[in-house]
Amino acid sequence: MDSGMGVGSAIRGVVGAVCLALAGCGGSGGASDAGSDLPGAGVRLSGTLSVPAGAAVDSDLNDVNQLGRTRNNDLATAQALTAPVLLVGSVNRPGTGPAGSNQVEGDTTDAYVLDLQAGDLVELEFAPGTTDNTAQATADLDLYVVSNDGALTGTSDSSDGHYECVRITQAARYYLKIEAFKQAAAYTLRAGPAATPTTGCTATTTRAAFDPGELVAQSRTPTPGMATALSTSATTLPRGPHLITLPTSTPTRKTALAQSATTTTGAAIRVLDTRLETLRYAKTLRATGAYDYVEPNWRLETSTTIGTFPPNDLHYGEQRWHHDLIALPAAINRIQALPAQPAQRPVIAVIDTGVMLDHPDLQPQLASLGRAFVTDRLPGDHNQANGDDQRLPEDNAVSHGTHVAGTAAAATFNGIGVAGVAPMARLMPLNVFGRNGSAKTIDILQAMLYAAGLDNNAGVLPARRADVINLSMGSPGACSVAFQDTINRVRAAGTLVVVAAGSKADNASGQRAEVQQPANCAGAIAVGAIDSDRQLSRYANTGTTLTVAAPGGDLGPAGIASGFSEGIFSTLVNFTGDGQRVAGVGPQQGSSMAAPQVSGVLALMRYLDPELSPEAVDALFASGQLTDDLGAAGRDTSTGWGLINARKAVEAVLAPQSAASSVASGAATLGVYPARLDLGSLRSTATLDLVVTAGKRSGVTDTVVAARSSSPAITLRTGTADATVSLSRQFVAIDRRLLPTDGTHRITLTLTLRSGAELTVPVTLDRPAGSASSGAGWGPVYLTLSDPDTGRVLHTVVVHAAQGRYQWQFPGYRRARVALQASTDPSNAGGICQQGAACGNGPGLSAGQAVALSGDQSGLDMALALVPWKP
């Protein structure tokens, strides 16, 4: 928002002249109002300034007009907050930023302490550029999070950005540290529940993940001085990974860090908690440019293979739509509830382009390093003995095999990346492509034989055969004799064969595309693709040999028009600008992405019953026990036996083991989508849909006849629904003013059906603390009274919050019209309504609009909101 004529000088004019609440400061902050339109002594203006619940302010701003300043520069003096909170603050290195309370001495760190819950987000936003409009270097702020027992630590460091975020993985009391690594910046801090997963949030708190005081580094050139300063055992640091041990005494650590920091900030950091200090050392050493990498000495642990859905994986929000569509959360939770877990983990063989073996979401799942079956090698092909992805940056590959592997069985419940359909499954990566854009039949056949534990041209066998083979590939034409013979042999060995049906139907001629080979071979489980509306995907191959359908994603216009990403989100291989391979995640589409979801579901079944035969699986498909029927009754050419249903698949295996498990024949199962609502502290509307989650929709007449909430803060009303998706839709409205207390609230919504059955939906939402007891609100607010004709600021009032409320008045205003604008200035930059500041205009008005005056005017109330940050 533009600051307007004379506003900067108006605010600077009142620096040092503090006005208490209810007191006006006029004249000194702006131009004279000579030439009055009103007679006598003028009129008295008054009103209030309101801030959102949860508003808070850094207790040591650079703003010289802040009252009751208290240092919060280390964990011992951390400022107490209550989540959810929305705070404005400022930090600066010594001698940087605008003149103000902290400019000379510096305010390099701000520390806070508060209680947070699993799933909460801690978000930091700031302007990456300087705050005082000079040519100084770009500001760089870092966010550190540590639990009060030191067991959980998280850090976010996007040196070239303006957004830092850490996702909380376990409920605890946490210390937050915001540090100015370079220059000065105002910032906004949010902490508390998130209504929806945040894509940009890339860090999580981890438990005891590294040893304080130890770093693993690789130097680019020998650095004798650094080795001595950091008390390493060597006089130089040779190229290659080595351990740096931080000095044990505080003075020595400061001296060592000062030596290493001379090429960056030129000063030592303030010593805080040893875990946070270790992270700060790592960044400072990286900034010297003398190292290829400097990282904490991480401790690796085995990953959890079963847990409760939804999991804590960072990007699960992007996967939830297709996991919900196949009833995966219910399936995993059903397995989790078993009295004891099976001992043997199933194995999925991914015959594809290879898998990024060192991807952190795949490495824990590897049954072995796999193998490569590539007879036609190109220059640069490597790792002939394993199943690593061999593509180079110039190959412009799409990391197909890595994506397929993650969809089926990515490590789950680890707070990073994505979740696999079968979290307990192990992966057998078999590369049949090398650097080529296609795979040869002979290589695919040999890989299939190897996966099934049968003789093959590699002359070796796996330690244990795969339970499921996934083939997300194919070619036009009828099933070849070679493929049919191999599938027969593999099935006879007890291995299931899942094959993508193809994604060639979205073609220029508009012709249908038949199921490709080897998906069209007898005994292959041919997988087609559907979209988020359970409709046939525009690209999906179809035909009489189709077995089953699964979500395939849609990255085209249809997916964009839906308003949310319909890609299948999974693991990827990325390359940096200099060609370095790095782990990533992202969306893809196609029956290639649908097939591994079916492979994952079959792996769940093999987990529960390792002896389940391919013939038994065929029978379960034919009886409808593994799918939700779509389209024409029974098997059809568009979706086969229907949409794969993981919960039904699990129950189909457990049913013979438990006499209590039974489902009435032909009865549909109804549910609510979404099954729960997490509304956070801001979201005020939502929708609920009554949907068929299992069985056939035809003949279902049930609908919602009544809806109620356990709290008056939520009301429901029936709305218009898409009849192809929803049997009934409820609109949810939230009014947090009706919640009895601040804090987190759990509410139950109950939907009564025409049949008399009731469905419940749990709701979590928050009323942030601070609306009536936040004390300082967002700090000093500068209210300007301007001439609406010229834009000149005539008076400035500095308003402070008392008991969480801002009240202001100004006696003696002598113009017939006034334009009002209010703003905070946390960095003392002298502007108004700059990015990150709280800003408001006259009641119901936009910037510059006038209020007509004929006498004393009260009720000039303004609501303040934060100006968005810009990259």
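Let's start with Gln 79, which sits in strand β3 (residues 79–80); strands here are DSSP runs of E with at least two residues, helices are runs of H or I with at least four residues, and both are numbered from the N terminus. This is a predicted model, where local features need pLDDT of at least 70 and side-chain atom pairs count only at pLDDT 80 or more, while totals for chains, interfaces and linings use all residues. Residues are numbered from 1 along each chain as its sequence is written, and side-chain values use heavy atoms, with hydrogens and water left out.

Gln 79 has a relative accessible area of 15%, so it counts as buried (buried is under 20% relative accessible area, exposed is over 50%, partly exposed is in between, with a 1.4 Å probe and protein chains only). A polar atom of the Gln 79 side chain lies 2.8 Å from the backbone oxygen of Val 57. The side chain also makes a 3.1 Å polar contact with that of Asn 72. For such a contact, N or O atoms must be within 3.5 Å; within protein, one must be able to donate a hydrogen and the other to accept it, and residues adjacent in sequence count only if both atoms are side-chain atoms. Beyond four places in sequence, the contacts of Gln 79 (heavy atoms within 4.5 Å) include Asp 58, Ser 59, Leu 87 and Tyr 112.

## The whole protein

Zooming out, the protein has 13 helices and 44 strands. Of its 871 residues, 54% are buried. Among contacts with a separation of 6 or more, 74% are between residues 24 or more positions apart.

The accessible surface is about 33900 Å², and carbon and sulfur atoms own 52% of that. Areas come from the Shrake-Rupley method with a 1.4 Å probe; for residues, only the protein chains shown count as cover.

Pairing requires DSSP to find at least two bridges between two strands.

At one end, β38 and β39 (residues 805–813) pair in the antiparallel sense over two bridges. Ala 802 has Arg 805 in β39 as its bridge partner.

## Two disulfides

With a cut-off of sulfur atoms within 2.5 Å, the count is two disulfides. Cys 479 and Cys 521 form one of them, with sulfur atoms 1.9 Å apart. That pair links distant parts of the chain, 42 residues apart: Cys 479 is in the loop between β20 (468–471) and α9 (481–492), and Cys 521 is in the loop between β21 (496–500) and β22 (525–530). The link is right-handed, with 100° about the S-S bond. Cys 479 is partly exposed because its relative accessibility is 24%, whereas Cys 521 is buried at 4%.

Cys 833 and Cys 839 are joined with an S to S distance of 2.0 Å. The torsion about their S-S bond is about 75°, so this disulfide is right-handed. Both of these cysteines are buried.

## Ala 822

Ala 822 lies in strand β40 (residues 817–824), and its relative accessible area is 0%, so it is buried. Leaving aside neighbours within four places in sequence, its contacts include both Cys 833 and Cys 839, along with Leu 49, Val 781, Ile 832 and Met 862.
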